[in-house]
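Here are a few notes to read alongside the model. Take them in order, with the view open beside you.

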Amino acid sequence: MKTISSLEDWRHSHLFDEGNPLAERNTRWAVVLTALMMVAEIAGGWIFNSMALLADGWHMSSHVLALGLSSMAYAAARHFAHDPRFSFGTWKIEVLGGYTSAICLVGVAGLMLFQSVERLITPAPIQYRQAIFIATIGLLVNLACAWLLKDGHSHHSGHDEPHGHSHHHDLNLRSAYLHVIADAATSVLAIIALTGGLIWGAGWLDPVMGIIGAGLVAVWAIGLLRETSRILLDADMNAPIVAEIREVIGTGPIPAEISDLHVWRVGKGKYACILSLVTTEDAAPQHFKEMLSIHEELVHVTVEVNGRPTVEHVVTSLH
């Protein structure tokens, strides 16, 4: 048995997520590039009297805000990483940033839908050539930002998926990535619509493409909201690791039944677990913790073992 030399031997760090420095740096660059393009589109819309560009510029401002939130979430998680008030680490600050960005995306979709329907009902004259030129530059900027954010994700997550689990994403980075992809998609739709208007005089294409773009953005936003809210509410009892915990306990050398089980995420692909067991044999909690250690994603495990009297014990106690 291990000799307790000091209390520190039984303590461990609660920093369960190592952060994502590359993604944080690239997100800051995406904020700068998107903000510059926002100013260019608003100025271009004002100078060329293009409502399409002006609307897209203001729409891009919401993406600047959301990307800024993602960047601040990384900074806050890093700043408070060793703050003892965060008993399970600061990773959920990043998830909260992703959740907030998803709400912003819902607002963007609603604004796009409103403006597109309004433009469909009340068409406005558009200077097509200038609008196409600026929209193309906007698309290139969006693709550059998407490359930056995708690069940060791929470099970080490759080692982050033990036992075949496929849901270990940086949700804060994913939300930022979805914002620039949404912008790129709306830029592509805008270019198609503006080109159709220039060649065939089909001015109705612009608002129709806007409606389609709003639908796409809404679908992405709802998916991100669903995933981030599940983590923030600790609704992870249907995760694969839960079944794996039950399997380890059920097939172990000491017969034991699970009377209570709580599992929740504390990092990308990392979980905490509180497990209450009932057994008729003499067993220490450390035995079951060692059994569960085969699952590297379990980074904080608390085990309680309760003894259940056998028939012999009951008979003896009655006598």
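1. A word on terms: buried means under 20% relative accessible area, exposed over 50%, and partly exposed in between (1.4 Å probe, protein chains only). This is a predicted model, where local features need pLDDT of at least 70, side-chain atom pairs count only at pLDDT 80 or more, and totals for chains, interfaces and linings use all residues. Residues are numbered from 1 along each chain as its sequence is written, and side-chain values use heavy atoms, with hydrogens and water left out.

2. Is isoleucine 191 buried or exposed? Isoleucine 191 is buried, because its relative accessible area is 17%. This residue lies in helix α5 (residues 171-200); helices (H or I, at least four residues) and strands (E, at least two) are DSSP runs, numbered from the N terminus.

3. Which residues does isoleucine 191 touch, leaving aside neighbours within four places in sequence? They are Ala135, Thr136 and Leu139, where contact means heavy atoms within 4.5 Å. Alanine 135 is 56 residues from isoleucine 191 in sequence, yet their C-alpha atoms are 6.4 Å apart in space.

4. Now please look at helix α7 (residues 240-250), whose buried residues are Ile241, Val242, Glu244, Ile245, Val248 and Ile249. Seen down the axis of α7, these fall within an arc of 160° and so line one face of the helix; the arc is that of the directions from the helix axis to the C-beta atoms. An α-helix has 3.6 residues a turn, so residues three or four places apart point the same way.

5. The buried residues of α7 pack against β1 (257-267), β2 (270-279), α8 (285-292) and β3 (298-307). Exposed Glu247 and Gly250 are on the face of α7 turned away from its buried side.
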